[in-house]
Amino acid sequence: MSFRAAVITFPGSNCDRDMAVAIEQVSGTAPLRVWHGDDALPQGLDFIALPGGFSYGDYLRSGAMASRSPIMKAVVKAAEAGVPVLGVCNGFQVLTEAGLLPGALMRNAGQNFICRTMPLTVENNQTLFTSAYEAGETVRIPVAHHDGNFFADEDTLDRIEGEGRVAFRYTEPCNGSRRDIAGILNASGNVLGMMPHPERAIEDVLGSSDGRRLYESVMGSLVSA
Amino acid sequence: MKVRVLVRLKPGVLDPQGRAVHHSLEGLGFEGVEDVRIGRVIEMDLADGTSDAAIDDMCQKLLANMVIEDYSIEKLGQTEPA
């Protein structure tokens, strides 16, 4: 089966190639590459990935400029139509700024850039991004960010927790994130934003292959759909 | 006309940068610093007659992130001739 994926590149993205390699290694099909200035996505996409990096030099706020770039209107439309959308790191920041996910990602509480492999708990494995994981399983996926401190007000936090929309949680404090949240879903479950980088954990030689199953989950959801 | 927008974190939102600056001020020996919060000033030169609603819209759609930030708008008068 062919897996029709697209990786969006913004000026200042720097994990887009890693994302493309990960998708190709897991799915066997190279994803299409889409530039931020395009105003339309390729037809019939199975999956859209927003990579990490420092789009627009993090001007104004991380992800703020990218979330208003031409291609994002098409990404929002595709997300609303149910296409699975993954935003990693800066991609997560872009998704919150675009209003596809609640909350905001602020400067890390300790002010430091954090670059290390974090243990994460899979909080919900009944999602199209996490079905290949065990519920409550601990996985190891690297983080590398300065602005990963997830913030939302208490009502929003209670709501997303109650709706099972926390996909991943740091098993130990990482960056000051409210409730140690590492990755969240939108209400319909087809948009996932996460600070850790699954594309950097797809083979053991990289230190972990725990990120692989995220892509396998997405592919599996298409087969079973 | 010149317009100055002040964007700041909402009360209750932790400001790690403000906290770091607070510590540094104390480290320099300044006493009585109770709290430090850091915001952002954006100055815009707008066509005369730009509506308040349009400026509000700019703030809400881009200049501030309404999840974590508040903004205030200060009008600095007409643009001076160059």
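Modeller: Gladly, and let me start with one pair of residues in chain B: the bridge partner of B:Lys2 in S2(B) is B:Asp45. Please keep in mind throughout that this is a predicted model.

Biologist: What makes strand S1 of chain B and S2(B) a pair?

Modeller: Two strands pair if DSSP finds at least two bridges between them. Six bridges join strand S1 (residues 2-9) of chain B to S2(B), and the two strands run antiparallel, so by that rule they are a pair.

Biologist: Which strands are called the edges of the sheet in chain B, and why are they called that?

Modeller: The open sheet has three strands in the order S2-S1-S3 of chain B, with antiparallel pairing. Its edge strands are S2 (40-45) and S3 (69-75) of chain B, each of which pairs on one side only. From one strand to the next, the twist averages 20 degrees.

Biologist: How do you know whether chain B is spread out or a compact globule?

Modeller: Chain B has two helices and three strands, which follow the pattern β-α-β-α-β along the sequence. Its radius of gyration is 16 Å, whereas the globule rule gives 12 Å for 82 residues; the value is well over the rule, so chain B is more spread out than a compact globule. Along its principal axes, the C-alpha trace of chain B spans about 45 × 35 × 15 Å, and buried residues make up 7% of the 82 residues in the chain. Among contacts in chain B between residues at least 6 apart in sequence, 70% join residues at least 24 apart.

Biologist: Turning to chain A, what makes helix H4 count as mostly covered?

Modeller: A residue is buried if 20 or more other C-beta atoms lie within 10 Å of its own. In helix H4 (residues 90-97) of chain A, eight of its eight residues are buried, and the helix is mostly covered. Among these buried residues are A:Phe92, A:Val94 and A:Leu95, and also A:Gln93 and A:Glu97. The buried residues of H4(A) pack against strand S3 (47-50), helix H2 (64-67), strand S4 (85-88), strand S5 (104-106) and strand S11 (191-194) of chain A. After H4(A) comes A:Gly99, whose phi is positive, near 85 degrees.

Biologist: Why is A:Ile114 called partly exposed?

Modeller: The label of buried needs 20 or more C-beta neighbours and the label of exposed needs 12 or fewer, with partly exposed in between. A:Ile114 has 17 C-beta neighbours inside 10 Å, and therefore it counts as partly exposed. A:Ile114 lies in strand S6 (residues 114-122) of chain A and, leaving aside residues up to four places away in sequence, it touches A:Asn108, A:Val143, A:His145, A:Cys174 and A:Asn175.

Biologist: What is said of phi in A:Leu60 and A:Arg179, and why are these residues called partly exposed?

Modeller: A:Leu60, in the loop between S3 and H2 of chain A, has a positive phi of about 70 degrees although it is not a glycine. A:Arg179, in the loop between strand S9 (166-170) and strand S10 (181-185) of chain A, has a phi near 55 degrees, again a positive value in a residue other than glycine. A:Leu60 has 18 other C-beta atoms within 10 Å, so it is partly exposed, and A:Arg179, with 15 C-beta neighbours inside 10 Å, therefore counts as partly exposed.

Biologist: Which residues have the most contacts inside the largest nonpolar core?

Modeller: They are A:Ile8 and A:Ala49, in a core of 72 residues. The largest share of this core, five residues, comes from helix H1 (residues 16-27) of chain A. Not counting residues up to four places away in sequence, A:Ala49 touches A:Ala5, A:Val7, A:Met19, A:Ile23 and A:Leu86.

Key
Residues are numbered from 1 along each chain as its sequence is written. Chains are lettered from A and ligands numbered from 1 in the order in which they are written. This is a predicted model: local features need pLDDT of at least 70, side-chain atom pairs count only at pLDDT 80 or more; totals for chains, interfaces and linings use all residues. Helices (H or I, at least four residues) and strands (E, at least two) are DSSP runs, numbered from the N terminus. Two residues are in contact if their C-beta atoms, placed from the backbone, lie within 7 Å. A nonpolar core is a set of buried Ala, Val, Leu, Ile, Met, Phe, Trp, Tyr and Cys residues joined through C-beta atoms within 7 Å. The radius of gyration is taken over C-alpha atoms; the globule rule is 2.2 Å times the number of residues to the power 0.38. Axes are lines fitted to C-alpha atoms, for helices over the stretch in contact, and angles run from 0 to 180 degrees between N-to-C directions.
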